[in-house]
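I opened the notebook to look at the overall build first.

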Amino acid sequence: MIETKILSTTEENLKLAGNIIRDGGIVAFPTETVYGLGANGMNADSVKKIFVAKGRPSDNPLILHISDIEQLYDLAEEVTEECKKLIEAFWPGPLTVVVKAKKNIPVQTRGGLDTVGIRLPQNFVAQKIIENANVPIAAPSANLSGKPSPTKYNHVIDDMQGRIDAIVCGEDCKIGVESTVISVFDENITILRPGKISKKEIETVLGKMVALDRTLAGLESEISDFKPMSPGMKYRHYAPKAEMIVVAGVGQEVDKKIAALRLEYEKTGKKVGIMHFEYTDKNQAAHDLFDRLRQFDKEDVDIILATSIAGEGIGMAVMNRMVKAAGGKVVKV
């Protein structure tokens, strides 16, 4: 077991965190989306420690986090005009661009692909740690693989204490779901993972339509040789301990179905948790989602019944995470 340092966000500690990462260690730190688990993305041995700490499949690629736009050109074989437009509009912020990777990026970081995702986070603590490390930081979410992503430092402590070198305890993450991921390395501009930045916003900047990856329709299980280009595409993610069912529909029919399911499960002695987002502000739903799933874990519920959430952008991102958390179990009414 590793002795994990618990660090506040003082200038001295942010320098220490950067030094630990540069020297080959791994550190969890806040971003505006979720807490990340950072290692030197240009060092294969350091990156391997992320996969061990998380129990993460090795073909699940990582995202490189940078502190300056110019660093993108050191990592990408080519930066297309579409990519330039998007980073000018949305960086720093919750957008990851997938580009053709330069060969100096370790294959472990790329998940065996010839592409890599890159992001410039907006969170000041994250920026300072990356700047202090002076290397691109590979940073998936700082949770055990498959569990709900961490949006509070105590979530990270629950999952990672004893597994990593340090945890930087900052504020709760403002957005609460991971970044939008978009491939921009050829003419086929495709959203691979929904997030805060919507398809409509991207299309407005580019002045043309973009596609949604077919995995967003839940088709990845039908592709035997599927290789994920972005985190969150292939494996079950964000999952609580309990079985989870998403009830999709509108209005009173959803309420009736959840009430009926609750009664049915409680008759068999199961403890049921209800997650109701239908009338909630979508930004608040994103902010609260993973924390609520983790709270259900602490309450030892057996079944979680969740209302669907509609809409583009952040609403689509929340629904994507809920369906993943439920392992695709959706009841339509």
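I counted two residues as being in contact when they have heavy atoms within 4.5 Å. With that cut-off I looked at sequence separation in this predicted model. Of the contacts in the protein chain with a separation of 6 or more, 71% are between residues 24 or more positions apart.

Next I listed the secondary structure. I found eleven helices and 15 strands in the protein chain. I then checked the radius of gyration, which is 19 Å; the globule rule gives 20 Å for 333 residues, so the chain is as compact as a globular protein of that length. I also took the extent of the C-alpha trace along its principal axes, about 55 × 50 × 35 Å.

Burial came next. I noted that 56% of the 333 residues count as buried. The accessible surface is about 14,300 Å², and carbon and sulfur atoms hold 48% of it.

The chain has 43 positive and 45 negative charges. Their mean positions lie 3 Å apart.

Then I turned to helix 7, residues 153-160. Which of its residues are buried? I found His155, Val156, Asp159 and Met160. They cover an arc of only 100° around the axis, which puts them on the same side of helix 7.

What covers them? My list includes strand 2 (27-29), strand 3 (36-40) and strand 8 (166-168). Helix 2 (44-54) and helix 10 (282-298) are also part of the cover.

Last, I checked the backbone just after helix 7. Gly162 takes a positive phi there, about 90°.

Conventions
Residues are numbered from 1 along each chain as its sequence is written. This is a predicted model: local features need pLDDT of at least 70, side-chain atom pairs count only at pLDDT 80 or more; totals for chains, interfaces and linings use all residues. Side-chain values use heavy atoms; hydrogens and water are left out. Helices (H or I, at least four residues) and strands (E, at least two) are DSSP runs, numbered from the N terminus. The radius of gyration is taken over C-alpha atoms; the globule rule is 2.2 Å times the number of residues to the power 0.38. Buried means under 20% relative accessible area, exposed over 50%, partly exposed in between (1.4 Å probe, protein chains only). Accessible areas come from the Shrake-Rupley method with a 1.4 Å probe; for residues, only the protein chains shown count as cover. Lys and Arg count as positive and Asp and Glu as negative; His and the chain ends are not counted. The place of a charge is taken as NZ of Lys, CZ of Arg, CG of Asp or CD of Glu. The arc is that of the directions from the helix axis to the C-beta atoms.
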